[in-house]
Amino acid sequence: MVVGNSEVRVDGYDKATGRTKYYEDRMPAEALYVRIKHAEKAHAIVKSIDTTRAEAIPGVVKVLTCFDVPNIPFPTAGHPWSMDPGHQDVADRLLLNRHVRYWGDDVAVVIAENEVAANQGVRALAVEYEELPFVLDAQEAMRDGAPQLHERFPGNVLKHTASRLGDYGAAIRKPGLIKVEGTYDTPTVQHAHIENHGCFAYAENGHIVVVSSTQIPHIVRRIVGQALGRPWADIEIIKPYIGGGFGNKQDALYEPLCAWCSTQVGGRPVRIDCSREETFVSNRVRHAIRIHIVSWLNPDGTFAARKVELYSNQGAYASHGHSIVAKAMGSFPQHYPCPNMECDAWTVFTNRPAAGAMRGYGMPQASFADESNIDDCAKAVGMDPLEFRRRNIMPQGFHDNFSGNTNYFDSFRVCMAKGAALIGYDEKRREYGHDTGNIRRGIGLATFWYNTAVYPISLETSSNRMQLNLDGTVTMQCGETEIGQGADTAFAQMAADAIGLNSYRDVHVISCQDTDITPTGLGAYASRQTYVAGFSIKQTADILRGKILDYANEITRQAVSNMDIRGGNIIRRQDGSVLMSLKELAMTAQYNPVHSEHITAESTYTIRNNAYSFGCTFAEVEVDVAMCKATVKRIVNVHDCGNLINPALAEAQVHGGMSMAIGYGLSEQLLFDPKTGKPLNNNLLDYKLSTVMDHPDLEAAFVQNPEPTSPFGTKALGEPPACSGAPAIRNAILHATGVAVDRTPINPHVLFAEFSKASLIHDVWQEKEGSKNV
Amino acid sequence: MSQYKLVRCNINGKDVERMVDVRASLTDMLRNDYRLTSVKKGCEVGECGACNVLIDGEAFNSCIYLAVWADGKHIRTLEGLMGPNGELSDIQQAFIDETAIQCGFCTPGFIMSAVEVLESGELYSREELRKRLSGHLCRCTGYENILNAVEKTMKRRHGIPVD
Amino acid sequence: MYDMKALYEAESVSDAIRLRLEHPEAQIIAGGSDVLVQMREGKRAGKELISIYGINALRGVSIDGDEALRIGSLTSFSHITRDPLIQRYINVLGEAVDQVGSPQIRNIGTIGGNTCNGVTSADSASTLHAYEAIVELTGKNGVRRLPIKDFYIKAGVVDIRAEEGEIQTAILIPKASYENTFGHYIKYGMRNAMEIASLGCSVNVRLSPDKKTIERCRIAYGVAGPVPMRAPSAEAIANGSALTEEMVTEFALSVLSDINPRDSWRASKAFRQHIAVEMARRALIASIEKAGGVIA
């Protein structure tokens, strides 16, 4: 068996030698530079753009503005197309915008022969605006009289959905209940993959080819077609290796604009390379979601009723829209089942950058709120937070009718038990939490609810093509994309086992997707790829095996049912004897003068399953009260993601998610000037992404309950590691200091305010200041 | 009015010279004139470390280093680590073996800082290693396996057994 | 590719002075970690640059005739930290500049650039103020030396006379300043690397021979005002005082009469005031300990 081994990455050698080619490494030397003029207003109408000075700059080829673009609104979300217009994504984008809806919106482009001329051209554009009032907060945007972003969405509400269980109103009237209420705020953060998004486009044989740093080539093909009003088959998207995505590149970013710019200069190659500053503001961000929770507890520490209201800050354009907060809301009744629940979620347009998909897709927000409230509940009834969770969390056997998911194993409790043992939770819970000095230690935990892929909300489909090579190896093409997570390696391992090859090295996965060549797949999102590709790999391997054995039957005259493929050989089942190698078979089949056959297989699998994927984080913190700093001293994640295809890669995935979660908990947020709406810290110096000095060692552990719906027993792992870290840190700070912080990031500014409020730090000097000022 | 200057330097062990636009960064020169595409661009202001190269043995972000300053210098990029027959150096092999690579975009810069660390001959503690590597941002790995790769290679070079 | 009008490379100090006089509009670039970033942002786009990065004579640390420590203006942070003279006489400076940005930035960044850009957050600046460093400028009329507090005029503006072709050539620490003196620097940042100080605090002390009292205490801050500044009220409390906890507390609180941090999106004034007190306290304690004192 190859599956289950910690094989090294198939792309490891190339990446370790620096020869891996990313989009910019494939750039045609003659490509023209497209630089975008971003609006310097948060909300405005462009009255005019004077391009004269820009056009006079030597090297500037063309200037195009929001007055030049086709009036074809298009959606950008990286969702599968739906044949049902009611389920299609909101088409609210134009290539360039006269109605500026956030500081950084695209209003014009300068196309030039070189970078300097393009930049000079952009600076030379004179844009005249009619300024409009703007709004940055989701709940403020819902108020009467708030500035309106989209005509089609009065009140700025993109969507409101609700779910009801039991009778909340009646349930809360029961006497003796304990009410625990909180409003939990999460910030706008950004993916900050180290390779910025970029792409280049050119015409070839009447097609438009776009080479892009994207997670979703097949979806981007459709969106470029829509945006340009061209048949989708006119567009060819090529996805080379990419330097991380984390959901930002699960959107059509600048591919449509790039493709259009190429058409405006006669199909010559043009390039759009986002700067880091643009990546932060003019790509996508994570939704800031404010979550109000009212929990009503029975005296025994069980839930009588819960009310949850979620306000999701969509920013200026719909992108993935309500899907994110809908997923967040959907977790509440499942994570901690409660007989009486009222849940409401609103997605609201504001004049911030557009929010889209980001690792966790609503769950880091939901987990922060839910798991903070759970610790607050445990505290209110005087129960240990781990015990409170054990009592209330989703039980084994729980079934969700909508997704069809079943909690086959007691995942939550098993993961929590493992994590508690690893970190020494019980002892530390007893030992910590009593410090009174400057340095205080605490331990906390949080769990997360997650699921795998997007069924039944959207289409789940996976296509695969295999070809038997003359040396007995197999070349495989998947629509699922390698974005750094190690997908190609996992696919190779699964294919090797499914076909019966000796090694995953005998499977050559073509990493680059080209929509003209690669079988259709939807790409990297929803922690789905290993799960969904597993189905099509297994099915296609079965077809390939059938063809191989049929051909072997011609040569060996053994009955197909008596043969098998193992270790790269055709063997006879009965005695295990090797009849011939796959190489011999492939050579014979190809060059047989009577019956020549190039043995290939291709198939599509429609997945109509989903799978829960749960886990938890335990975090130990040290708080320096006077310095208003919390430091994570130890952190452990435990995941039940089914069988591990590649344990080393799985562990590495978890590390990355944990790092993101630490940043989400303690330091990361994109800030906006309240007076102008201008982003303040859209660079890697001021946006506090964790460095290697901001982490303790990261510890990952697994519980391997085989997922019954998957041919390989596997399920989601890509996003789950990012979900429960922040609330675990928050709860550890609560344990250390007694201070419940209801927002992230819990940075020194927040701790200064909270510790002042809790009188942990004394503002003795303020009297002094006061007296001096008198 | 374009201004050019002849830049003579040694890149990855080879003496080279080229007329270079004085406005070019060293990143521009290495990527465009010498096609050394392991030198990556992640921020272009010296904050991410993706463009890191060694100049006379010290690590520099080539994005904020003028190409003309390279005149007379010895420059090393990741391409220079590989042997003539494709042999990997120990640190490259360790990055592979320790699963320290994911998307691969920060990898070249990280490895070059690791080379500076390893060639110093110092035996650093894990905390000191963190500081020595803190000029690189990585969003995939949480740095854990990168630290492991560098630490293990350092120990091996000092003859200290590692698991 | 930088949007630069022209580049002039100086090979010597006299060359630099000549180029400065010939191109009065040009910007001096040392390591470039600030200038090039600003040029890319568009702030200095289209400008001429005079590169002094190639003047090797301005690199290195030495002891000059009157036993002052002389740090060439182009000495990089990493070289300052590793320098044996620095480690022996003013180790705190090496420790302070070892907290600038990242290893790569510490290899390109120079102490001259760090002071000439006039920013209050420079990690070297508070220690240089606390050690009453002397700035050496060289121009067409020869060498001019001035105390570092006079070098800083206002935020982003320092006393360099472009019309005289001046460039900064060295930073000097007089013997009286470093002798028997032990210091500690604390940088307060929102993360532990790749950070600009929210506040920087550098303290140094010289104890009496019996190590019971503070003969001289100096404290300086970065980001506590528009330019780096000393805290004289706090120093007055420590000078001549016995090593007691009460003194340390009084010292720390009194910095509030001296400093004037501002509200910005990076940090509020109240927050900066709060941590300034705690940093003063911790830096003084650490300095006393380094000097071999014991706080009663």
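Reader: What should I know about the numbering and the model before we start?

Author: Welcome! Residues are numbered from 1 along each chain as its sequence is written, while chains are lettered from A and ligands numbered from 1 in the order in which they are written. This is a predicted model, so local features need pLDDT of at least 70 and side-chain atom pairs count only at pLDDT 80 or more, whereas totals for chains, interfaces and linings use all residues.

Reader: How do you know that the span of helix H12 of chain A agrees with its number of residues?

Author: Helices are DSSP runs of H or I with at least four residues, strands are runs of E with at least two, and both are numbered from the N terminus. The expected span is 1.5 Å times one less than the number of residues. For the 13 residues of H12(A), 411-423, that gives 18 Å, and the end C-alpha atoms are 18 Å apart, so the two agree. After H12(A) comes Gly424(A), with a positive phi near 75°.

Reader: What makes Tyr89(C) buried?

Author: A residue is buried if 20 or more other C-beta atoms lie within 10 Å of its own, exposed if 12 or fewer, and partly exposed in between, with C-beta atoms placed from the backbone. Tyr89(C) has 21 within that distance, so it counts as buried. Tyr89(C) lies in helix H4 (residues 84-89) of chain C. Leaving out residues up to four places away in sequence, Tyr89(C) touches Leu69(C) and Tyr178(C); contact is defined by C-beta atoms, placed from the backbone, that lie within 7 Å.

Reader: Which residues of H12(A) are buried?

Author: Among them are Ser411(A), Phe412(A), Cys415(A) and Met416(A).

Reader: Why is strand S6 of chain C called largely enclosed?

Author: Because 6 of the 6 residues of S6(C), 134-139, are buried. Ile134(C), Glu136(C) and Thr138(C) cover one side, and Val135(C), Leu137(C) and Gly139(C) the other.

Reader: How do you know that S6(C) pairs with strand S7 of chain C?

Author: Two strands pair if DSSP finds at least two bridges between them. S6(C) and S7(C) (residues 142-147) have 6 bridges and run antiparallel. A hairpin of 2 residues joins them, and Thr138(C) has Val143(C) as its bridge partner. S6(C) is also joined by 5 bridges to strand S10 (residues 167-173) of chain C, again antiparallel, with Ile134(C) partnered by Leu172(C).

Reader: How many residues does each chain give to the contact between chains A and C?

Author: Chain A gives 27 residues and chain C gives 20. On the chain A side, helices H3 (115-124), H19 (748-757) and H20 (764-773) each give two or more residues. That side divides into 12 nonpolar, 8 polar and 7 charged residues.

Reader: Where do the domains of chain C lie?

Author: The bounds, from an automatic or database domain assignment, are 4-51 for domain 1, 61-174 for domain 2 and 181-290 for domain 3. The centres of domain 1 and domain 3 of chain C, taken over C-alpha atoms, are 36 Å apart.

Notes: Contact = placed C-beta atoms within 7 Å. Nonpolar A, V, L, I, M, F, W, Y, C, P; charged D, E, K, R; others polar.
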